[in-house]
Amino acid sequence: MGLRAEKRKSMFGRMLLIRRFEEEVKKLYQEGRIVGAIHLYIGQEAVAVGVSSGLKKRDYVFSTHRGHGHAIAKGCDIKRMMAELMGRDTGLSRGHGGSMHLYDPARGLMGGNGIVGGGIPLALGAAFSAQYRGTDQIAVTFFSDGAANQGVFAESLNLAALFHLPVIFVCENNQYAATTPVRRSFAKMAIAQRAESYGVPAETVDGNDVEAVHDAALKAIRRARRGEGPSLIDCETYRLEPHCGIIPDQRERGEREAWRAKDPLSRYKEKLLAERILTPSKIEKMEKDIARELAKAVKFAEISPWPDPEAALHKECLV
Amino acid sequence: MRKIMYRTAITEAMREEMERDGRVFIIGEDVDLFGGVYKLTKGLVEKFGPRRVRGTPISEAAFIGLAAGAAMTGLRPIVEIMYMDFALVGMDPLVNQIPKIPYMSGGQVKIPLVVRGQFGVGTAEAAQHSQHLESWFIHTPGYKVVMPSTAYDAKGLLKSAIRDDNPVLYLENRVLYLRKEDVPEGEWLVPIGVADVKREGSDITVVATSNAVHKSLAAAEQLAGEISVEVVDPRTLDPLDLPTILRSVKKTGHLLVVQEGVAGACFGAEVIRQVVREGFGDLESAPRVLGARDVPVPFSPVLERAYVPQVEDIVAAIRRMLGRTRNESPADTG
């Protein structure tokens with residue numbers, strides 16, 4: 001592996017920030033201070049952080065409806081994220097997009113998506129654009145097991161392989177498509193094989209092990225930068241929270257508990273403590289810093305102005 | 001002035017804009033080696049190479065989406081849809097992604113992209129190779145919708161569309177592809193959002209689109225000496241040049257919209273809605289839409305001819321609106 005200690009600490013810090021951000025969002029949502037459709041990333045932090053820790057700022061990420069983790073992992077400002085979740089003019093998308101549509105092109109975040117699988121062909125386009133312009137940028141499309149059953153997934157695998165595009169398909173196989181478990185939505189559970197059958201090299205990894213995800217991502221990133229074409233990483237993980245908001249969904253008895261035991265954040269914490277990369281006091285300081293940043297973000301969002309309907313609701317407003 | 005075909009005008013516009021701007025590329029089915037199913041891209045792959053003239057598999061959702069992503073990151077794609085009907089396979093990128101992303105991103109992301117494709121009634125290709133979709137598209141905020149009726153407009157508007165920073169739907173009528181018309185050489189543009197009065201008149205305003213422009217002009221010619229018909233071609237359906245239409249209605253007092261798309265919940269109804277709101281006092285009779293019948297486009301040439309307004313239907317509708325006859329025409333669907 002040979003990851004430097006600093007890198008490992010920073011990956012842990014990012015995962016912790018995502019977890020605490022999402023817990024705060026959940027609380028604000030329960031209190032009615034955030035409205036709309038909120039899809040929490042809790043339990044999947046290792047995927048976003050494992051992949052984006054290998055990317056450069058200029059690389060493109062196409063996110064999903066469950067995209068807060070992708071935005072934080074790509075380095076977005078949590079103050080502006082929180083403001084967007086609250087529909088404020090200072091939000092990442094000036095209050096026009098909300099939780100599912102966080103855009104920060106300056107950091108390579110090319111938006112979430114309200115349509116399952118909708119971002120996949122868009123990422124192909126960013127990869128096409130990089131190839132066309134002769135840059136070494138790459139594009140990552142995060143999507144879920146649910147999106148792997150959309151037709152555009154198959155079309156996009158073929159097109160990416162045909163055009164040798166520098167794109168990485170990252171499947172966050174979180175076991176649920178909305179409320180339907182994978183065992184009821186896949187005739188054959190074989191996302192990596194689907195990719196390989198289109199000529200896209202694929203690897204299945206433990207999506208709750210950030211370093212395993214990171215290793216697979218580095219390989220895929222190297223391939224893409226060398227002009228060797230697309231790859232797919234199938235990350236096996238688990239959505240600890242309901243699909244959307246706080247509406248409870250059915251899980252088999254013991255299932256959630258079994259996955260909690262494999263929580264990516266706790267696992268990485270234990271590992272880094274055991275290897276003495278981190279100490280309890282360092283973690284405590286990280287927690288305090290994050291709590292302070294989050295409090296600032298919530299305050300920033302709540303005192304921010306609302307968007308002006310006069311300016312935002314006519315046809316020419318963005319032309 | 002030289003005369004060239006409508007389809008040649010489109011090819012010229014693409015070639016000139018690709019010469020002018022290295023970010024412009026063409027993507028679509030059979031656009032490279034074959035030169036497109038109606039030969040609109042003939043010769044372009046030889047000139048610009050496969051990097052800029054990119055043939056695709058039959059995967060509309062993927063390649064329309066790809067073009068959108070390319071436009072989001074600095075390129076200016078021209079997407080050719082072989083038959084506009086096929087765009088419906090790619091409705092997610094076409095409706096959910098392209099027109100919404102510039103807005104949802106708070107204006108941070110531009111999508112300078114042209115989706116162009118052909119349709120048309122009159123070539124016996126039946127309901128999945130002929131339909132008019134412009135009324136769907138004008139109902140989707142975020143697009144400019146362009147629908148030229150002449151070679152001159154086709155060239156000048158496509159060049160403007162390619163240079164526009166917004167997504168543009170550019171709708172070609174294959175029935176017009178072989179019409180030869182005056183098209184000047186050199187560098188010029190037709191601005192998006194500006195109507196053209198194709199024939200001046202004083203008794204009735206006929207707003208017509210695409211092939212219906214030519215039928216309306218023929219009807220106006222037949223009526224010359226009896227009724228003076230003004231024919232206005234909006235050329236761009238969205239944004240609509242309402243002032244030009246209102247000026248004409250103020251002069252004539254009567255408004256008939258002629259189109260080959262179905263008359264229900266349509267472009268013509270939208271024109272009337274806007275005229276009623278802004279120029280109700282100028283109307284001396286109830287405005288009407290003459291459009292296609294309320295069924296899918298039929299195959300048999302006999303049915304297909306009866307499906308859309310013909311010159312004689314337009315003549316009859318105009319006479320009826322001006323009280324010169326009381327015959328009801330079956331084509332008067334509006």
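This note goes through a predicted model, point by point.

1. Conventions. Residue numbers start at 1 in each chain as its sequence is written, while chains are lettered from A and ligands numbered from 1 in the order in which they are written. Because the model is predicted, local features need pLDDT of at least 70 and side-chain atom pairs count only at pLDDT 80 or more, whereas totals for chains, interfaces and linings use all residues.

2. Helix α1 of chain A. Helices (H or I, at least four residues) and strands (E, at least two) are DSSP runs, numbered from the N terminus. Helix α1(A) covers residues 5-30, 26 residues in total, and its first and last C-alpha atoms lie 38 Å apart. That is close to the 38 Å expected at 1.5 Å a residue (1.5 Å times one less than the number of residues). Just after the helix, A:Gly32 has a positive phi of about 80°.

3. A residue is buried if 20 or more other C-beta atoms lie within 10 Å of its own, exposed if 12 or fewer, and partly exposed in between, with C-beta atoms placed from the backbone. The buried residues of α1(A) include A:Met11, A:Phe12, A:Leu16, A:Phe21 and A:Val25; charged side chains are represented too, among them A:Arg8 and A:Glu22. The buried residues pack against α2 (45-52), α3 (68-73), α4 (78-85), α8 (210-225), α10 (264-274) and α11 (280-303) of chain A.

4. A:Pro305. This residue is found in the loop between α11 and α12 (309-312) of chain A. A:Pro305 counts as exposed because it has 10 C-beta neighbours inside 10 Å. In sequence A:Pro305 and A:Ala83 are 222 residues apart, yet their C-alpha atoms are 9.4 Å apart in space. Leaving aside residues up to four places away in sequence, A:Pro305 touches A:Arg88 and A:Asp89.

5. Contact between the chains. Two residues are in contact if their C-beta atoms, placed from the backbone, lie within 7 Å. On this basis 32 residues of chain A meet 33 residues of chain B. On the chain A side, α5 (119-133) and α6 (151-162) each supply at least two residues, and α5(A) gives the most, with 10 residues. By class, this side has 17 nonpolar, 11 polar and four charged residues (Ala, Val, Leu, Ile, Met, Phe, Trp, Tyr, Cys and Pro count as nonpolar, Asp, Glu, Lys and Arg as charged, and the others, Gly among them, as polar).

6. The sheet of chain B. Seven strands form an open sheet of mixed pairing, in the order β3-β2-β4-β5-β7-β6-β12; strands pair if DSSP finds at least two bridges between them. β3 (53-56) and β12 (236-238) of chain B each have a single partner strand, so one side of each is left without a neighbour in the sheet.

7. Strand β2 of chain B. B:Ile26 has B:Val53 as its bridge partner in β3(B) and stands opposite B:Ile78 in β4(B). Six of the six residues of β2(B) are buried, so this strand is largely enclosed by the rest of the structure.

8. Domains of chain B. The domain assignment gives domain 1 (3-182) and domain 2 (196-321), with bounds from an automatic or database assignment. Their centres, taken over C-alpha atoms, are 26 Å apart. The contact takes 24 residues from domain 1 of chain B and 25 residues from domain 2 of chain B.
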